[in-house]
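Subject: Structure handover

Hello,

Please find the structure below, with notes on what turned up in it. Keep it open while you read.

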Amino acid sequence: MKKIAILALISAVTLVFLGCSDDKSKTQETYKVKFAHVVSANTPKGQAADFFAKRVDELSGGKIKVEVFPSAQLVDDDKVFQELTRNNVQMAAPSFSKFTPIAKEFNIWDIPFLFRDTEHLHKVMDGEVGQILKDVISKRGIVALDYWDAGFKQFSTNKKPIILPEDAKGQKMRIMSSKVLEEQTKAIGAIPQVLPFSEVYSALSTGVVDAAENPLSNLYNSKFYEVQSSITLSNHGYLGYLVVVSDGFWKQLPDEIKDIFKQALHEATEFERLESEKEEKILLEKLKKDDATKTQIYTLEDKQIAIWKETMQAIYPKFYDLVGQDLIEKVLEVK
């Protein structure tokens, strides 16, 4: 009997010890994240990804470890959704255009002159419309979290400066593959030309296309100003990113870890938007000072913007079936 009692006591102590050890291992569990994106590390998006990795490590006490892979080192945006659904990549920030094949509502970001300014844009992103679009993506097996900025688009050309819609008539304009952008280009009498981004500089320099639309970061960093005689600061369209995570990865996170993750990402989003705004100002000054080709830079007046809006709003009904009339009207109603 004494032997049985001793063995029982040893078993009880062992179970308590193992239980404590198991609890300790759980509290020390780490979650590894591969964050893949396609731009360089020194861009606002690249810097924000690194900011997030550092901040989430701090807030989680080392429980969340993020490894960032910039410049498509791990996977490019054309294949990243596949890798996210397989949980080979846990996090990414593709451009809006990459979402349109799986969510037609994302074409809304291409609609010209829909967003009045950056403040209006961010209110849309962080409000009802932004959440509706996130929910659409989350139904596709990818968890949508936050929107990051790339910048408003500007017109550039080798021919007549595009100040009013009629100035674009007959000009061959490079665009991304988008039904909205095709309609926008046709509405101003230009000829849409869909080309990969890697071919744009050559096409502009050889006259394959006359004009293009890009944020200042593309205009400067890809040196498009070298092969364009004018740039119009039209802010007519917008480019942005949506930060997403793998559904399989997200489901395994405890609620307290999810909260930490979201907090770190919210801080990274504020950082990215500020850096993007700073970069635009810096790049505009660089375009004015560093451009040896003396590309003319034009700023639209209020009256000219009103003409553009009237022209573009006339084609909004063409996007009702694609995007949804209610979504477009919700954007316009945001104050």
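A search of the whole structure, which is a predicted model, finds 20 aromatic pairs. Rings of Phe, Tyr and Trp (for Trp, the six-membered ring) pair if their centres lie within 6.5 Å; planes under 30 degrees apart count as stacked, over 60 as edge-to-face, and the rest as tilted.

One of the pairs is Phe81 with Phe99, which is tilted, at 5.0 Å centre to centre and 55° between the planes. Phe81 lies in helix α3 (residues 80-85) and Phe99 in the loop between β3 (91-92) and α4 (118-125), so this pair ties together parts that are 18 residues apart in sequence. Helices (H or I, at least four residues) and strands (E, at least two) are DSSP runs, numbered from the N terminus. Phe81 is buried at 15% relative accessibility, and Phe99 is buried at 0%. Buried means under 20% relative accessible area, exposed over 50%, and partly exposed in between (1.4 Å probe, protein chains only).

Phe113 and Trp308 form a stacked pair, 5.8 Å centre to centre with 25° between the planes. Phe113 is in the loop between β3 and α4, while Trp308 is in helix α11 (residues 302-313), so the pair links parts 195 residues apart in sequence. Both residues, Phe113 and Trp308, are buried.

Ring pairs also join residues into a cluster, whose members include Phe81, Phe99, Trp109, Tyr147 and Tyr238.

Is Lys134 buried or exposed? Lys134 is buried, with a relative accessible area of 12%. Apart from neighbours within four places in sequence, Lys134 is in contact (heavy atoms within 4.5 Å) with Ala144, Leu145, Asp146 and Tyr147.

Helix α5 (residues 128-138) packs with helix α13 (residues 325-333) at an angle of about 145°, their axes 9 Å apart. Axes are lines fitted to C-alpha atoms, for helices over the stretch in contact, and angles run from 0 to 180 degrees between N-to-C directions. On the α5 side, Glu128, Val129, Ile132 and Leu133 meet Leu327, Lys330 and Val331 of α13.

Two points on the numbers. Residues are numbered from 1 along each chain as its sequence is written, and side-chain values use heavy atoms, with hydrogens and water left out. Local features need pLDDT of at least 70 and side-chain atom pairs count only at pLDDT 80 or more, whereas totals for chains, interfaces and linings use all residues.

Regards
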